[in-house]
Structure formats: C-alpha cells, structure tokens
Amino acid sequence: MNDTLTLLMNHRSIRKFTDAPVSGEQLHAIVSAAQMASTSSNVQAYSVIAATDPELKKQLAVLAGNQAYIEECPVFLVWCADLYRLKQVTAEPLQERESYETTTENFVVATVDAALAAQNAAIAAESMGLGIVYIGGVRNRIAELSKLLDLRSSFIRYSACASACPTRSLDSVRAFRWNPCCT
Ligand SMILES: Cc1cc2nc3c(=O)[nH]c(=O)nc-3n(C[C@H](O)[C@H](O)[C@H](O)COP(=O)(O)O)c2cc1C
C-alpha cells in the first residue's frame with residue numbers, strides 16, 4: 001500500500017484532544033486542500049467558518065448536543081452548503097430564470113460540494129497527524145447556530161454543515177467496516 005492508501009485505511013474519528021494548537025500554516029493547508037476538491041460546475045457552493053474562540057466553541061458545543069470535544073478541540077471548522085454567494089453573483093444574469101437557491105438540484109449541488117471539501121480537509125488534517133471527527137449535531141439547532149455564526153438566510157434554509165475538529169489525537173478505536181466486496 002502507498003502512503004495515501006495507508007492514511008485512508010487508518011482513518012478513525014477522534015473525540016479526545018491534546019491542547020497542542022493547530023498552526024495558521026496547518027489551517028491554511030487544510031482549507032487549501034479542501035478547495036482543491038472536485039466541485040459541481042466549479043461553483044464551489046460552500047463556505048467554511050473556523051471557530052477558535054473558546055466562548056464561541058462552548059456555545060457551539062451546546063447547540064450541537066453538548067458534544068464537549070467541540071469545546072476542547074483547538075479549531076472547529078463549520079462547513080456550510082452555501083447558495084447565498086451564488087445568489088449574489090448571479091442575481092443579474094439569472095433575473096429571468098430560476099434563482100440558485102430555489103431548486104432541489106442546487107441544494108444537492110451545495111451539500112455535495114460542502115461534503116467533498118470537508119472530506120478533503122479531513123484527509124489533509126489526518127495527513128499532518130491531526131485528528132478529526134465530523135459533527136452532524138451542528139444541524140440539531142440550526143436556527144440558533146445560524147444566528148450565532150451570523151449565517152445568511154440562504155444558509156439557514158439550506159445549511160447542511162459537516163464539521164471537523166482538526167487536532168492531535170490521544171487515542172482512538174477503529175470503527176467496524178464491512179469488508180470490501182471484490183468479484
Ligand atoms: C455527516 C457525519 C456526521 C457525524 N456526526 C457526528 C456527531 O455529531 N458526533 C460524533 O461523535 N460523531 C459524528 N460522526 C462520526 C461518525 O459517528 C463516525 O464517522 C462513524 O461512527 C464511523 O467511525 P470512524 O469515523 O471512526 O470510522 C459523523 C460522521 C459523519 C460523516
């Protein structure tokens with residue numbers, strides 16, 4: 001196996017963190033890798049918010065179902081399906097046609113784009129020896145979370161946030177996977 005396959009095969013979610021910081025350089029590399037993910041029609045229909053402020057992370061942890069590791073990790077990335085930006089840039093050209101934010105198709109485009117970017121970020125973080133866990137719990141109280149993070153209306157309606165906490169791992173348990181089937 002090559003290094004990339006070994007990295008992928010060793011993935012596991014991390015929910016305990018040391019207090020070692022994630023450097024600006026590391027964060028930049030993680031987000032840059034995310035931006036290199038494939039994206040439908042190259043529209044990049046997602047945005048990411050990096051929460052590092054302790055009080056903000058504390059509130060996010062509560063909104064996500066009291067998941068304490070959100071507060072404990074040094075950087076909490078909130079990945080958002082984002083049709084608001086596209087709505088802004090296409091407002092004039094699309095005047096006579098359906099807008100970017102009103103179709104199920106574009107909801108799918110944005111959620112898939114956000115997930116692909118988040119997964120690239122997750123792999124990039126793991127490649128640097130950092131640990132990650134996705135937090136679907138950020139959607140539990142989406143209206144309150146959107147207000148807290150000052151997300152625009154299109155975010156609120158279409159938010160599908162996948163979140164990762166890049167940091168160093170202390171321990172981990174490998175999750176069970178069905179064996180791949182090769183016939
Ligand atoms: C979209 C998504 C949302 C998730 N939400 C949570 C969550 O809110 N809290 C949590 O502890 N783990 C969450 N997870 C992590 C999964 O529980 C974990 O990936 C799964 O159990 C497999 O374990 P592994 O990642 O260690 O292989 C989420 C994973 C994904 C992909």
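Ser 41 sits in the loop between H2 and strand E1, residues 46–51. Helices here are DSSP runs of H or I with at least four residues, strands are runs of E with at least two, and both are numbered from the N terminus. Before going on: this is a predicted model, where local features need pLDDT of at least 70, side-chain atom pairs count only at pLDDT 80 or more, and totals for chains, interfaces and linings use all residues. Residues are numbered from 1 along each chain as its sequence is written.

Ser 41 has a positive phi of about 55°, although it is not a glycine. Is Ser 41 buried or exposed? Ser 41 is exposed, because 8 other C-beta atoms lie within 10 Å. The cut-offs are these: a residue is buried with 20 or more other C-beta atoms within 10 Å of its own, exposed with 12 or fewer, and partly exposed in between, with C-beta atoms placed from the backbone. The C-alpha atom of Ser 41 is 9.1 Å from that of Val 109, 68 residues apart along the chain.

Gln 44 is in the loop between H2 and E1 as well. Its phi is near 50°, again positive in a residue other than glycine. Gln 44 has 18 other C-beta atoms within 10 Å, so it is partly exposed.

Now the chain as a whole. The protein chain has eight helices and five strands. From the N terminus on, the order is α-α-β-α-α-β-α-α-β-α-α-β-β. The chain has 183 residues, of which 36% count as buried. Taking contacts between residues at least 6 apart in sequence, 81% join residues at least 24 apart. A contact means that two C-beta atoms, placed from the backbone, lie within 7 Å.

Next, helix H6, residues 104–127. H6 has 24 residues and reaches 34 Å from its first C-alpha to its last, close to the 34 Å expected at 1.5 Å a residue. That expected span is 1.5 Å times one less than the number of residues. Just after H6, Gly 129 takes a positive phi of about 85°.

H6 has a partner in H2. Two packed helices are described by the angle between their axes and the distance between the axes. For H2 and H6 the angle is about 140° and the axes are 7 Å apart. H2 is therefore oblique to H6. Axes are lines fitted to C-alpha atoms, for helices over the stretch in contact, and angles run from 0 to 180 degrees between N-to-C directions. Angles under 35 degrees count as roughly parallel, over 145 as roughly antiparallel, 65 to 115 as roughly perpendicular, and the rest as oblique.

Which residues make the contact? From H2 they are Ala 29, Ile 30, Val 31, Ala 33, Ala 34 and Gln 35, and from H6 they are Ala 117, Ala 118, Asn 120, Ala 121, Ala 124 and Ala 125. By type, the residues of this contact divide into ten nonpolar, two polar and no charged. Here Ala, Val, Leu, Ile, Met, Phe, Trp, Tyr, Cys and Pro count as nonpolar, Asp, Glu, Lys and Arg as charged, and the others, Gly among them, as polar.

Thr 4 is in helix H1, and its C-alpha is 9.3 Å from that of Ile 123, 119 residues apart along the chain. Thr 4 counts as exposed, because it has 10 C-beta neighbours inside 10 Å. Arg 12 is in the loop between H1 and H2, with its C-alpha 9.5 Å from that of Glu 126, 114 residues apart along the chain.
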